[in-house]
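Please look over the sequence and the model shown here first.

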Amino acid sequence: MFAQRIMWIVWPAFMVAGVLEVLVFAMVDPQDLHWFGHPLAMSRQGVYTIGFFVFWAITMVSSGLTTLLSFSPFEVNRCPLPTNDRPDGCPKQGSC
């Protein structure tokens, strides 16, 4: 189930990052970009690559938050440790 949730986050983010890459760089020339008043010292391909990974990271955060908000109360409050491995004083001594 964990791998499936990771794919729910990564794959849509990858697709949206590709679309954002096309939309942004269809209107922006990477050679015209400046960072703190100085032109970027990178090739166009380097800017495209960095841009894609930045878009991918931002959309993964968005997808991750959506997945986190889709958890049921049982999934959020479930104790990950088996009953006999829980430390003394754990409030969840019974089965979770």
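## Overall form

The model is predicted. The protein contains three helices and two strands, and from the N terminus on the elements follow the order α-β-β-α-α. The radius of gyration is 21 Å, well over the 12 Å that the globule rule gives for 96 residues, so the protein is more spread out than a compact globule.

Along the principal axes, the C-alpha trace spans about 60 × 25 × 15 Å. Of the 96 residues, 20% are buried. Among contacts between residues at least 6 apart in sequence, 52% join residues at least 24 apart.

## The nonpolar core

Seven residues form the largest nonpolar core: Ala13, Ala17, Phe25, Val47, Phe52, Phe55 and Trp56. H1 and H2 are the elements that give two or more residues to this core. H2 gives the most, with four residues.

Phe52, one of the core residues, touches Phe14, Ala17, Gly18 and Glu21, leaving aside residues up to four places away in sequence. Ala17 is also listed in the core.

## The largest pocket

The largest pocket holds about 250 Å³ of space. It is lined by 13 residues, and those closest to its centre are Leu33, Leu40, Val47, Ile50 and Gly51. Val47 also belongs to the largest nonpolar core.

Helix H1 (2-27), strand S1 (34-35) and helix H2 (44-69) each supply at least two residues of this lining. The most comes from H2, with five residues. Sorted by class, the lining has 11 nonpolar and two polar residues, and no charged residues.

## The second largest pocket

In the second largest pocket there is about 210 Å³ of space. Its lining consists of Met1, Phe2, Arg5, Ile6, Ile9, Thr67, Phe71, Glu75, Val76 and Arg78.

Which element gives the most to the lining of this second largest pocket? H1 does, with four residues. H1 and helix H3 (73-77) each supply at least two residues of the lining. By class, six of the lining residues are nonpolar, one is polar and three are charged. For the largest pocket, by contrast, the lining has no charged residues.

How values were computed: Residues are numbered from 1 along each chain as its sequence is written. This is a predicted model: local features need pLDDT of at least 70, side-chain atom pairs count only at pLDDT 80 or more; totals for chains, interfaces and linings use all residues. Side-chain values use heavy atoms; hydrogens and water are left out. On a 1 Å grid over the protein atoms alone, a cavity is a set of points where a 1.4 Å probe fits but cannot get out, and a pocket is an open set with protein on both sides within 12 Å along at least five of seven lines; lining residues have an atom within 4 Å of a point. Grid points are joined across faces, edges and corners, and a volume is the space filled by probe spheres set on the points. Ala, Val, Leu, Ile, Met, Phe, Trp, Tyr, Cys and Pro count as nonpolar, Asp, Glu, Lys and Arg as charged, and the others, Gly among them, as polar. A nonpolar core is a set of buried Ala, Val, Leu, Ile, Met, Phe, Trp, Tyr and Cys residues joined through side-chain atoms within 4.5 Å. Buried means under 20% relative accessible area, exposed over 50%, partly exposed in between (1.4 Å probe, protein chains only). Contact means heavy atoms within 4.5 Å. The radius of gyration is taken over C-alpha atoms; the globule rule is 2.2 Å times the number of residues to the power 0.38.
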